Amino acid sequence: MRRGIKKIPKYKKEEIIKWAKEAIDIEAKAALELKVRIGDEFVRAVELIVKSKGKVVSTGMGKAGIIAQKFSATLSSTGTPSIWLHPAEAVHGDLGRVSSEDVAVVFSYSGETDEIKALLPFLKKIGSEIIAICGERKSFLAQYADIFLNAEIEREACALGLAPTTSTTVMLVLSDSLAICLQRVKGFREKDFALFHPQGSLGRKLILKVSDVMRKGKRNPLVSEDKKVSEVLLLITQARAGAAVIVDKKQHLAGIFTDGDLRRHLGKTRDILSLKVEKVMTKNPIAVGDYMLAEEAMRILQQHRIDEVPVIDKKGKVVGLLDVQDLLKAGIV
């Protein structure tokens, strides 16, 4: 038997679909009703956080606390420093994380949760201003807060009307709206987002430069124009590369020698291995700058259907070799 349920009731497929749609309708309706409540109080909340010299301390108990955690994470990744504070742990030492310059955003639908009621006087004593995201205007939390954001709902989507479902959805939508407005007011841009998400795909695309992923040193065989093809092939093999960059005496780009060049000349040139590489290399090849974004370099490789490209610095000197496999390993796709 499953956790006290003596017998699983019979149901039809159509009933499951109907119940799911009903739950979506209830929560969507409640979320849309938030629009009429967005006004001066909401603007005050945005302005309070923007003007604050501290961080946002987000707190809540139970499922409201989970929404508070998500709000804090969203703020932190969109330009507003934030921490999540467990209300029960707060009064056992974690209040030391809070300062008078912080703004506390407190999530509680009823506004009467014991742990929240115990926490609020201490937040006030520290000097933090309080924003309540709450469904009861006359509650302890609403009366204690400096700003009240109304998260009232008509009913929960829960079949029993008990489990927080619609109420947490409304809290989520309301707090997401707050975070997005803060993001816009602060002028938070893609490059700022990437800075806080360096391991994400967007972060890699907006931060990684060619110099971060190119092959250099022993992995980048640079050879002079008078080297024999046999010598160049040995260097390519030792470097485990797919090409060698050919340079002049000033280390400026003269050409590139790839396995494609080798194949093209094998059938029509006798004893190719003894030839100087300048005779069979690709002259004036496409090159990329070490200062370019790796994503931009990837587009160049794709556009010209090539796998390797020499890398030059702003002075025109060869400083590396970029291979498509290195870009793929770095997550630039």
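The questions and answers below treat this predicted model.

User: How many disulfides does the structure hold?

Analyst: A disulfide needs two cysteine sulfur atoms within 2.5 Å. The sulfur of C134 has its closest cysteine sulfur in C158, 20 Å away, which is too far for a bond. Seen from C158, the closest cysteine sulfur is that of C134, again at 20 Å and too far for a bond. The number of disulfides is therefore zero.

User: Is C134 buried or exposed, and what is its relative accessible area?

Analyst: Buried means under 20% relative accessible area. C134 counts as buried, and its relative accessible area is 0%.

User: Is C158 buried or exposed, and what is its relative accessibility?

Analyst: The cut-off for buried is under 20% relative accessible area. C158 falls under it and counts as buried, with a relative accessibility of 18%.

User: Are α2 and α7 oblique or roughly parallel to each other?

Analyst: Two packed helices are described by the angle between their axes and the distance between the axes. Helix α2 spans residues 40-51 and helix α7 residues 166-185; their axes lie 10 Å apart at an angle of about 55°. With that angle, the relation of α2 to α7 is oblique.

User: Are α1 and α7 oblique or roughly parallel to each other?

Analyst: Helix α1 covers residues 13-33, and its axis is 9 Å from that of α7. The angle at which α1 and α7 pack is about 40°. Angles under 35 degrees count as roughly parallel, so the two helices, α1 and α7, are oblique.

User: How many charged residues are in the contact of α1 with α7?

Analyst: α1 passes α7 in a crossing that is right-handed. From α1, residues I26, E27, A30 and A31 meet T166, T169, V170 and V173 of α7. Five residues of this contact are nonpolar and two are polar, and the number that are charged is one.

User: Are α3 and α7 oblique or roughly parallel to each other?

Analyst: The axes of α3 and α7 are 10 Å apart, and the packing angle is about 15°. That angle makes the relation of α3 to α7 roughly parallel.

User: How many charged residues are in the contact of α3 with α7?

Analyst: The crossing of α3 with α7 is right-handed. From α3 the contact takes in K63, A64, I67, K70, F71, T74 and L75, and from α7 it takes in T168, M171, L172, S175, D176, L178, A179 and L182. Nine of the residues are nonpolar and three are polar, and the number of charged residues is three.

User: Which residues is G65 in contact with, leaving aside its neighbours within four places in sequence?

Analyst: G65 lies in helix α3, residues 62-77. G65 is buried, at a relative accessible area of 1%. Leaving aside neighbours within four places, the contacts of G65 are G60 and W84.

User: Which loop holds R240, a residue with a phi near 55°?

Analyst: Most residues other than glycine have a negative phi, and most peptide bonds are trans. R240 has a positive phi and is not a glycine. R240 is exposed, at a relative accessible area of 76%. Its place is the loop between α11 (229-239) and β7 (243-247).

User: What is the phi of R305?

Analyst: R305 is found in the loop between α13 (294-304) and β11 (308-312). The residue is exposed, with a relative accessible area of 78%. R305 is not a glycine, yet its phi is positive, at about 55°.

User: Which residues is N220 in contact with, leaving aside its neighbours within four places in sequence?

Analyst: N220 sits in the loop between α10 (210-213) and β6 (222-224). At 5% relative accessibility N220 counts as buried. Beyond neighbours within four places in sequence, the contacts of N220 are R215, V245, V319, G320 and L321.

Terms used: Residues numbered from 1 in each chain as written. Predicted model: local features only at pLDDT ≥ 70, side-chain atom pairs only at ≥ 80, totals over all residues. Heavy atoms only, no water. Buried < 20%, exposed > 50% of the residue type's maximum accessible area, 1.4 Å probe, protein only. Axes fitted to C-alpha atoms, helices over the stretch in contact; angles between N-to-C directions. Helix = DSSP H or I, 4+ residues; strand = E, 2+ residues; numbered from the N terminus. Parallel < 35°, antiparallel > 145°, perpendicular 65-115°, else oblique. Contact = heavy atoms within 4.5 Å. Left-handed = near helix turned anticlockwise from the far one by under 90°. Nonpolar A, V, L, I, M, F, W, Y, C, P; charged D, E, K, R; others polar.
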